[in-house]
Amino acid sequence: MQPRNMSMSGVVDLAAVKSAGEAKQKAEQARAEAARTGQAPASGARLVFDVDEAGFQQDVLQRSTEVPVVIDFWAEWCEPCKQLGPLLERLAGEYAGKFVLAKIDVDANQMLFQQFGVQGIPAVFAVVAGQPIPLFQGAAPESQIRQVLDQLVQAAEQQFGIVGAPVDPQAAGEAEQEAEAPAPAGPYDALLEAANQALDSGDLGGAVQAYKNVLNDDPANPEAKLGLAQAELLRRVQDLDPQAVRKEAAENPADVPAQIRAADLDLVGGHVEDAFGRLVDAVKRSAGDDREAARLRLLELFEVIGAEDPRVTAARTALARVLF
């Protein structure tokens with residue numbers, strides 16, 4: 001297993017990913033919220049950790065639905081690994097939660113080494129939404145590695161809305177100490193209550209505007225983001241004829257706008273997996289603006305259900321399969 005020089009060709013073209021302004025904005029808001037509250041990512045504050053075959057499912061695949069996971073395949077006898085490993089660890093600290101670094105000793109984990117098809121070490125892969133992405137093999141200048149990592153982080157945000165939260169060990173420790181203290185009333189409690197009342201009463205236009213008013217001043221407010229996603233969904237479907245929409249979608253499987261309308265109705269009706277599956281299929285079948293519209297609507301519906309829901313995790317993985 002002799003190392004080869006790094007090659008930027010042959011890897012997934014992360015730089016070619018289309019921009020997605022809405023998903024990017026959500027990612028930035030998630031970062032801002034984490035920075036404001038001092039919270040670590042849901043999967044824990046470890047930025048660098050060792051992984052073996054037994055823990056791969058939880059430590060890499062499951063975590064990759066929350067934050068990009070970079071994998072460093074290394075061995076004790078590999079001299080280039082001793083140069084690359086510390087560099088990747090330092091960069092994981094500098095990126096502060098935008099990705100996490102999983103280190104896999106190939107001598108102790110031959111099955112993982114073979115499953116990834118590694119030809120030589122050091123070799124660096126990423127996993128996003130459960131999908132492996134080859135990044136590079138061999139040693140490389142730090143500037144090139146940063147470029148690859150930037151593209152990885154951008155692709156995870158734009159394509160899947162997957163974003164890590166900034167990790168500051170000192171802030172995380174302070175947040176843990178303060179966790180037992182009662183949280184002070186937020187500055188938007190009255191506005192949120194009014195928005196919630198408007199939503200409950202069916203005043204969807206008023207609810208949408210009220211939630212937007214909160215987000216204008218506090219873009220990362222999680223309650224306002226969830227409420228806005230729900231209100232906008234209900235407003236989209238309130239004037240639809242369910243029977244006509246479903247008939248149109250059934251008769252025109254390639255009509256992406258029709259599939260998007262049907263997916264909204266699926267979700268409102270409680271058929272979450274059907275809604276997600278319909279939009280994943282629409283992304284798979286379409287191209288250009290239609291494909292982007294289906295992908296963005298799927299990300300919006302993820303917001304309604306919540307990132308922690310296992311149905312969202314499964315749909316993210318399915319989306320990754322059709323995009324990559």
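**Figure 1. Residues 1-44 of the predicted model, where pLDDT stays under 50.** This structure is a predicted model. For residues 1-44, the model has 95 contacts beyond four places in sequence. Where pLDDT is low, the predicted coordinates should not be read in detail. Across the chain, the mean pLDDT is 79, and 78% of the residues reach 70 or more.

**Figure 2. Residues 169-185, another stretch with pLDDT under 50.**

**Figure 3. The disulfide of Cys78 and Cys81.** The structure holds 1 disulfide. Cys78 and Cys81 form this bond, and their sulfur atoms lie 2.4 Å apart. The torsion about the S-S bond is about 80°, so the disulfide of Cys78 and Cys81 is right-handed.

**Figure 4. The crossing of helices H7 and H8.** Two packed helices are described by the angle between their axes and the distance between the axes. Helix H7 spans residues 189-201 and helix H8 spans residues 204-217. Their axes come within 8 Å and cross at roughly 160°. An angle over 145 degrees counts as roughly antiparallel, and therefore H7 is roughly antiparallel to H8. The crossing of the two helices is left-handed.

**Figure 5. Residues in the contact of H7 with H8.** From H7, the residues taking part are Leu191, Leu192, Ala195, Asn196, Ala198 and Leu199. They meet Leu204, Gly206, Ala207, Ala210, Tyr211 and Val214 of H8. By class, this contact comprises 10 nonpolar and 2 polar residues, with no charged residues.

Definitions and conventions
Residues are numbered from 1 along each chain as its sequence is written. This is a predicted model: local features need pLDDT of at least 70, side-chain atom pairs count only at pLDDT 80 or more; totals for chains, interfaces and linings use all residues. Side-chain values use heavy atoms; hydrogens and water are left out. Axes are lines fitted to C-alpha atoms, for helices over the stretch in contact, and angles run from 0 to 180 degrees between N-to-C directions. Helices (H or I, at least four residues) and strands (E, at least two) are DSSP runs, numbered from the N terminus. Angles under 35 degrees count as roughly parallel, over 145 as roughly antiparallel, 65 to 115 as roughly perpendicular and the rest as oblique. A crossing is left-handed if the near helix is turned anticlockwise from the far one by less than a right angle, and right-handed if clockwise. Contact means heavy atoms within 4.5 Å. Ala, Val, Leu, Ile, Met, Phe, Trp, Tyr, Cys and Pro count as nonpolar, Asp, Glu, Lys and Arg as charged, and the others, Gly among them, as polar. pLDDT is the predictor's confidence in each residue, from 0 to 100. A disulfide is a pair of cysteine sulfur atoms within 2.5 Å.
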